[in-house]
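Good morning, and thank you for coming. I would like to take a few minutes on one structure and the surroundings of its ligand.

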Amino acid sequence: MRIDIISVLPELLESPFSHSILKRAKAKGLLEINVHHLRQYSTFKHQQVDDYQFGGGAGMVMMMEPLVNAIEDLQKQVAYDEVIYLTPDGKTLDQRMANGLSLKGNLLMICGHYKGIDERFREHFVTMEISIGDFVLSGGELAAAVLVDSIGRLLPGVLNDETSALFDSFQDNLLAPPVYTRPEDFRGWKVPEILLSGDHRKIDEWRHDEAMKRTKDRRPDLLKKQ
Ligand code: ADE
């Protein structure tokens, strides 16, 4: 998969993809990430990318011209399956959305800043609008990093058996069960006996029951989701 990201703060995206699972995905050639600086596509003085909003009011709006220059330049080189705008008024990201996006080929992500981007760009170029939650960040970069991470780890061949995404929280609309490692007894706090029994059928049952309990207790809304 190839992911391109357009940003006015590319420095913010230098590190998130250079560690752990995403680093491995890139090294294996399963994921390519390119960050593009929006200012490079501005033909205005001082590489301006934003302007006052029509109708008045506080806050700047990202202009059409640099955004369109950027996307049209990139589209000459890559056919994108989705053009994603990260915005708090988008559809809220969940595991199902990440699963769906991990099956696509190439993605373009646009990070907003200030008051956001000119509505006409959203109408004519953006195919998906995604929020990472009901809160407002200073810009779309950290949201893009979260989205790329949630997708990248699902790409076939990225995770091995030990890190398999099959047992992640949310994969069956259930939270993950509790996990334990050595020692069996820490200050008298013991690991549940069943996990030491070697009976894998019973262990699976226990894990499922615990996942169910935890979900009912913390996120009953997930049990109503199809
Ligand atoms: N930009 C600012 N806040 C955001 C959010 N919650 N999700 C996605 N993009 C954003």
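The UniProt record, an unreviewed entry, gives the feature "binding site" at Gly112, Ile132, Gly133, Asp134, Phe135, Val136 and Leu137. Please keep in mind that the model we are looking at is a predicted one.

Let me set that annotation beside the model itself. Which residues surround the ligand? In the model they are Leu86, Thr87, Pro88, Gly112, Ser131, Ile132, Gly133, Phe135, Val136, Leu137, Gly140 and Ala143. Strand E5, residues 82–92, supplies the largest share of this shell, with 3 residues.

Is Gly112 buried or exposed? There are 25 other C-beta atoms within 10 Å of Gly112, and therefore Gly112 is buried; the threshold for that class is 20 or more. Beyond the residues up to four places away in sequence, Gly112 touches Met62, Tyr85, Leu86, Thr87, Ile117, Gly139 and Gly140. Among the residues of the ligand shell are Leu86, Thr87 and Gly140, so the contacts of Gly112 include members of that shell.

Ile132 counts as buried because 20 C-beta neighbours lie inside 10 Å. Once the neighbours within four places in sequence are set aside, Ile132 is in contact with Leu93, Ala143, Val146 and Leu147. One of these, Ala143, also belongs to the residues surrounding the ligand.

Finally, the chain as a whole. It contains 7 helices and 9 strands. Of its 226 residues, 27% count as buried. Among contacts with a separation of 6 or more, residues 24 or more positions apart account for 75%. The chain is divided into domain 1, residues 2–152, and domain 2, residues 169–223. How far apart do the C-alpha centres of domain 1 and domain 2 lie? The distance is 37 Å. Taken along the principal axes, the C-alpha atoms of the chain fill a box of roughly 70 × 40 × 35 Å.

Thank you for your attention.

Conventions: Residues numbered from 1 in each chain as written. Predicted model: local features only at pLDDT ≥ 70, side-chain atom pairs only at ≥ 80, totals over all residues. Near = placed C-beta within 6 Å. Helix = DSSP H or I, 4+ residues; strand = E, 2+ residues; numbered from the N terminus. Buried ≥ 20, exposed ≤ 12 C-beta atoms within 10 Å, placed from the backbone. Contact = placed C-beta atoms within 7 Å. UniProt positions renumbered as here; feature names shortened; annotations may be inferred. Domains from an automatic or database assignment.
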